[in-house]
Amino acid sequence: TPTFMMEERGSRNPPRPLQKQDLEMFLKSQSRDLLNNESDADSKGDGWEENKGDVVYDEDSGVAGALNGSETKKLPQAIIIGVKKGGTRALLEFLRLHPDIRAVGAEPHFFDRNYEKGLEWYRELMPETQEGQLTMEKTPSYFVTKEVPGRIHAMSKDTKLIVVVRDPHFLGLRREVTHKHFHFNPAKGFPCLKRPEGNSKPHCLGKTKGRTHPNIDPDVIQRLQDFYKPFNKKFYQMTGHDFGWD
Ligand SMILES: Nc1ncnc2c1ncn2[C@@H]1O[C@H](COP(=O)(O)OS(=O)(=O)O)[C@@H](OP(=O)(O)O)[C@H]1O
């Protein structure tokens, strides 16, 4: 992953404050990672690009655009912090169908990799919102970074942290996303996003979602189950729910 630097290595120039073009350059340099590898062929040309483009490149993202009177950029009130490969992209994309949710399509990695850039840098990444709209982001690696909980708490103790394990916890939103927004894709084996209005094809996210899994040696599976058993048990106790994973 390319590293974004404010000061060139070996440069004699002193570090300078973050500028708008720095942010744009950073976003472009990180776009594969930020877009969660969603630049795959099967997410192109299906009429859904604006979902992510809106974040990174559009005027509407606020990265290049000016705010009008009623819109502001807010720090996120809810963050999907993990788990990696838990379906976090799908959850965010389905949540974004709701008109009261605005989200960064890319993964900002603020609380793990970019923390030193500061909260204003982070806020600047956020989409503009109107009153009543929730701001969200998802970076699943937050879940495995020990500094993250303290850092999020320091930003706001009210931020909701969402962890996808199986049934996602929703956010007290009115019922807007319904069965009409889901289209089951048998090849992928999961539901894809659908816009009930218009004729756009269902959007199944990128090639990295719904990959063929290799066959795993049963001994390895057994070892993994044995290893995770005590952690799962603790997790069931914490959540008050036996997920039956072992
Ligand atoms: N509805 C829907 N849409 C898209 N993807 C879905 C969905 N449901 C589950 N999955 C599976 O979720 C896996 C990817 O999880 P993440 O998006 O959290 O991955 S990542 O950590 O951000 O890279 C990825 O799993 P694998 O394909 O096994 O890697 C997806 O197949």
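Helices (H or I, at least four residues) and strands (E, at least two) are DSSP runs, numbered from the N terminus. The structure described here is a predicted model, in which local features need pLDDT of at least 70, side-chain atom pairs count only at pLDDT 80 or more, and totals for chains, interfaces and linings use all residues. Residues are numbered from 1 along each chain as its sequence is written, and side-chain values use heavy atoms, with hydrogens and water left out.

Grid points are joined across faces, edges and corners, and a volume is the space filled by probe spheres set on the points. The largest pocket has a volume of about 1,400 Å³. Its lining comprises 32 residues, of which Val 83, Phe 143, Val 165, Phe 235 and Trp 245 lie nearest the centre. Strand E6 (160-163) and helix H7 (218-239) each contribute at least two residues to this lining, and H7 gives the most, with 11 residues. For composition, Ala, Val, Leu, Ile, Met, Phe, Trp, Tyr, Cys and Pro count as nonpolar, Asp, Glu, Lys and Arg as charged, and the others, Gly among them, as polar. On this basis the pocket lining divides into 20 nonpolar, 5 polar and 7 charged residues.

The structure also holds 1 cavity of 30 Å³ or more. About 40 Å³ of space lies in the largest cavity, which is lined by Ala 90, Phe 94, Phe 190, Pro 191, Cys 192, Leu 193, His 203, Cys 204 and Leu 205. Helix H4 (88-95) and strand E8 (190-193) are the elements that give two or more residues to the cavity lining; the largest share, 4 residues, comes from E8. By class, the cavity lining has 8 nonpolar, 1 polar and no charged residues.

The ligand is surrounded by 20 residues, the closest being Thr 88, Lys 138, Pro 191, Gly 210 and His 213; a residue belongs to this shell if one of its heavy atoms lies within 4 Å of the ligand. H4 and E8 each supply at least two residues of the shell, with H4 giving the most, 3 residues. The shell divides into 6 nonpolar, 7 polar and 7 charged residues. Polar contacts are pairs of N or O atoms within 3.5 Å; within protein, one atom must be able to donate a hydrogen and the other to accept it, and residues adjacent in sequence count only if both atoms are side-chain atoms. Oxygen atoms of the ligand lie 2.6 Å from an N or O atom in the side chain of Lys 138, 2.9 Å from one in the side chain of Lys 209, and 2.8 Å from a polar side-chain atom of Arg 211. Taken alone, the ligand exposes 650 Å², of which the protein buries 84%; accessible areas come from the Shrake-Rupley method with a 1.4 Å probe, and for residues only the protein chains shown count as cover.

Residue burial was classed by relative accessible area: buried means under 20%, exposed over 50%, and partly exposed in between (1.4 Å probe, protein chains only). Arg 211 is located in the loop between E8 and H7 and is partly exposed, with a relative accessible area of 48%. Helix H4 is mostly covered, with 7 of its 8 residues buried; among them are Thr 88, Phe 94 and Leu 95. Leu 95 has a relative accessibility of 4%. The C-alpha atoms of Leu 95 and Val 177 are 7.8 Å apart in space, although the two residues are 82 residues apart in sequence.

Backbone geometry was also examined. Most residues other than glycine have a negative phi, and most peptide bonds are trans. The peptide bond from Gly 82 to Val 83 is cis, with omega near 0 degrees, and Val 83 lies in the loop between strand E2 (78-82) and H4. Lys 85 is found in the loop between E2 and H4 and has a positive phi of about 65 degrees; at 63% relative accessibility, Lys 85 counts as exposed. Leu 205, in the loop between E8 and H7, has a positive phi of about 60 degrees, and is buried, with a relative accessible area of 5%.

Methods. 1 Å grid on protein atoms, 1.4 Å probe; cavity = no way out; pocket = protein on both sides within 12 Å on 5 of 7 lines; lining within 4 Å.
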